[in-house]
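This report looks at how two protein chains meet and then at one part of the surface. Please have the sequence and the structure ready before reading on.

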Amino acid sequence: VTPDLSRALNIAGLFAVAAVLAAALFDQLVYHDLPCPLCLLQRAGFVAAAAGLALNVRFGPRPSHYGIVLLSAVAGAAVSIRQMLLHIAPGSGSYGDVLLGLHFYTWAFLIFAAIIVGSAAMLLFDRQFEPPRPAGLPWLGRAAIGVAALLALANGVSTVLECGAGLCEGDPTVYELLEPAAPAAGG
Amino acid sequence: MPAYYRAGGAAVWGTPVMMSIPFFGYALAFAAMWAGRRWIAVALWALSVVAQLWLFRLHLTDPLPPLGF
């Protein structure tokens with residue numbers, strides 16, 4: 001795997017993670033499926049992994065960038081595993097929409113696992129780390145980083161609208177900042 | 001710093017822990033990458049991950065949503 005091929009694969013990975021984030025936002029905005037706190041933390045895990053991929057795209061492939069992707073995916077997978085375990089007992093219900101028979105948090109775990117396996121596999125190819133690092137930044141790379149940055153920002157704004165300046169409700173049904181304020185707790 | 005902030009649909013007094021912090025941190029990391037500042041981007045990523053894990057800890061024991069949601 002040459003540095004240029006590695007960069008191309010990282011661009012593809014960045015677009016794939018961006019597609020996951022875009023699908024989650026689409027489901028939220030079109031089907032009004034408001035994300036719970038754990039759902040938001042899984043999205044944050046995807047954005048964090050995207051940051052590692054973007055570092056590879058922007059500055060060339062480095063083992064430390066893959067480390068960032070791996071740590072981010074592990075952090076995100078921990079959240080999705082927690083959410084799966086919350087609902088694993090019969091009769092404990094579920095949260096959110098279903099896609100192809102699996103809940104979004106189950107899909108999130110599978111995708112985080114794929115990111116971990118993919119990044120570990122990429123680390124097997126030493127030639128990508130040899131100098132010279134790829135010069136310049138192709139327009140596709142710029143586009144991938146731009147899309148990922150916009151999705152991170154969109155999720156931040158959406159989270160502020162949903163949760164205000166504090167923690168989110170466990171079972172959100174409305175955007176807090178778009179609803180009239182309730183009286184202060186305790187008068 | 002304590003202040004009035006909205007949480008759970010009500011105004012409450014306390015130190016706000018914004019759920020959106022990691023997203024804005026990562027967005028700033030992307031901006032640093034765009035500007036060619038690698039170490040700033042990595043530092044912002046690290047701070048955001050810490051915030052994300054702290055929020056995970058705060059939500060670790062959330063109750064289950066009502067059945068049938």
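Predicted model: local features only at pLDDT ≥ 70, side-chain atom pairs only at ≥ 80, totals over all residues.

## Where chain A touches chain B

On the side of chain A that touches chain B, the elements giving two or more residues are α2 (37-59), α3 (63-86) and α5 of chain A. Of that side, the largest share comes from α2(A), which supplies 15 residues.

## The extent of the contact

Taken as a whole, the contact involves 64 residues from chain A and 42 residues from chain B. The area buried between chain A and chain B is about 4400 Å², and carbon and sulfur atoms give 73% of this area. Within the area that chain A buries against chain B, A:L41, A:A165 and A:L167 supply 14%, which is more than any other three residues supply.

## A nonpolar patch on the surface

A nonpolar patch on the surface is formed by A:L153, A:V157, A:L161, A:L177 and A:L178, which together have about 410 Å² of accessible area. One of these residues, A:L153, lies in helix α5 of chain A, which covers residues 139-163. A:L153 counts as partly exposed because its relative accessible area is 39%, a value that falls between the limits of 20% for buried and 50% for exposed.

Technical notes
Residues numbered from 1 in each chain as written. Chains lettered and ligands numbered in written order. Heavy atoms only, no water. Patch = residues over 30% accessible without salt bridge, like charges linked within 9 Å, V, L, I, M, F, W, Y side chains within 5 Å. Areas by Shrake-Rupley, 256 points an atom, 1.4 Å probe, with all protein chains shown as cover. Salt bridge = Lys/Arg side-chain N within 4 Å of Asp/Glu carboxyl O. Helix = DSSP H or I, 4+ residues; strand = E, 2+ residues; numbered from the N terminus. Buried < 20%, exposed > 50% of the residue type's maximum accessible area, 1.4 Å probe, protein only. Contact = heavy atoms within 4.5 Å. Buried area = accessible area lost by both parts, 1.4 Å probe.
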